[in-house]
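Dear colleague,

Please find below the structure that I am handing over to you. My findings come after it.

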Amino acid sequence: MTPLNHQEEEIMRCVWQLGSCNVKQAIELLSVPRPPYTTVASVFKNLERKGYVASRLEGNTYIYRPAIDEQDYKRTFLGNVVGSYFKNSYKELVPFFARDNKISSDELREIIDLINKGEEDK
């Protein structure tokens, strides 16, 4: 999976949210100031070239849909971050956020509950 730049990720979030869309529909979801139509259309073409979206022509408009599942992208992206910055250890990730007060003790308890529930379901 080729890494995405910031613009490409932003457009992919729109596509995942909408399920399928044209350039204009994606632009409507972007924050103001919105990029020009031609810029977004170029980003879509790059995403298609990289294999992240597939398109079909309806009339004179391309409709784009995700070619990669959002969960698969998150899993790969997070795995790359953990590998590069946390010695390939998800365990190192939690203290990092705890030290910066990015995660509360209640949220940690919820995570532990999710882990315990997952072990029970096995």
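The notes below describe what was found in this structure, which is a predicted model.

**Helix α1 and its surroundings**

I begin with helix α1, which covers residues 6–18. This helix has 13 residues, and the distance from its first C-alpha to its last is 19 Å, close to the 18 Å expected at 1.5 Å a residue. At its N-terminal end, α1 is capped by N5, a side-chain oxygen of which lies 3.1 Å from the backbone nitrogen of Q7. Just after α1 comes G19, with a positive phi of about 90 degrees.

The buried residues of α1 are E8, E9, I11, M12, C14, V15 and W16. They pack against α2 (23–29), α3, β1 (53–58), β2 (61–66) and α4.

One of these buried residues, E9, deserves a separate remark. E9 has a relative accessible area of 19%, and it counts as buried because the limit for that class is under 20%. Not counting residues up to four places away in sequence, E9 touches L4, Y73 and F77.

How do the axes of α1 and α3 cross? They come within 10 Å and cross at roughly 85 degrees, so the two helices are roughly perpendicular to each other. On the α1 side the contact is made by Q7, E8, I11, M12 and V15, and on the α3 side by T39, V40, V43, F44, N46, L47 and K50.

**Helix α4**

Helix α4 has 16 residues, which should span 22 Å at 1.5 Å a residue; its end C-alpha atoms are 22 Å apart, in agreement with that value. The N-terminal cap of α4 is D69, with a side-chain oxygen 3.1 Å from the backbone nitrogen of Q71. After α4 comes K87, whose phi is positive, near 55 degrees.

**Salt bridges**

Side chains of opposite charge can pair when their charged atoms come close.

- In helix α3 (residues 37–50), K45 and E48 lie three residues apart, about one turn of the helix. Their side chains meet in a salt bridge of 3.5 Å, N to O. K45 is partly exposed, at 36% relative accessibility, and E48 is also partly exposed, with a relative accessible area of 26%.
- In helix α4 (residues 70–85), K74 and E70 are four residues apart, which separates them by about one helical turn. The closest N and O atoms of this salt bridge are 3.6 Å apart. K74 counts as partly exposed at 42% relative accessibility, and E70 is partly exposed with a relative accessible area of 26%.
- In helix α6 (residues 105–121), D106 and R109 are three residues apart, and about one helical turn separates them. Their side chains form a salt bridge of 2.8 Å, N to O. R109 is partly exposed, at 48% relative accessibility.

**The loop between α2 and α3**

P33 lies in the loop between α2 and α3, and the peptide bond from V32 to P33 is cis, with omega near 0 degrees. P35 is placed in the loop between α2 and α3 and counts as partly exposed, at 26% relative accessibility. Leaving aside neighbours within four places in sequence, P35 is in contact with I27, L30 and V40. P35 and I115 are 80 residues apart in sequence, and their C-alpha atoms are 41 Å apart in space.

- N88 is found in the loop between α4 and α5 (90–99). Although it is not a glycine, N88 has a positive phi of about 60 degrees. At 59% relative accessibility, N88 counts as exposed.
- N101 is found in the loop between α5 and α6. N101 has a positive phi of about 55 degrees and is not a glycine. With a relative accessible area of 68%, N101 is exposed.

With kind regards

Note on methods:
Residues numbered from 1 in each chain as written. Predicted model: local features only at pLDDT ≥ 70, side-chain atom pairs only at ≥ 80, totals over all residues. Heavy atoms only, no water. Salt bridge = Lys/Arg side-chain N within 4 Å of Asp/Glu carboxyl O. Buried < 20%, exposed > 50% of the residue type's maximum accessible area, 1.4 Å probe, protein only. Expected span 1.5 Å × (residues − 1). Contact = heavy atoms within 4.5 Å. Polar contact = N/O pair within 3.5 Å; in protein donor to acceptor, adjacent residues only side chain to side chain. Axes fitted to C-alpha atoms, helices over the stretch in contact; angles between N-to-C directions. Parallel < 35°, antiparallel > 145°, perpendicular 65-115°, else oblique.
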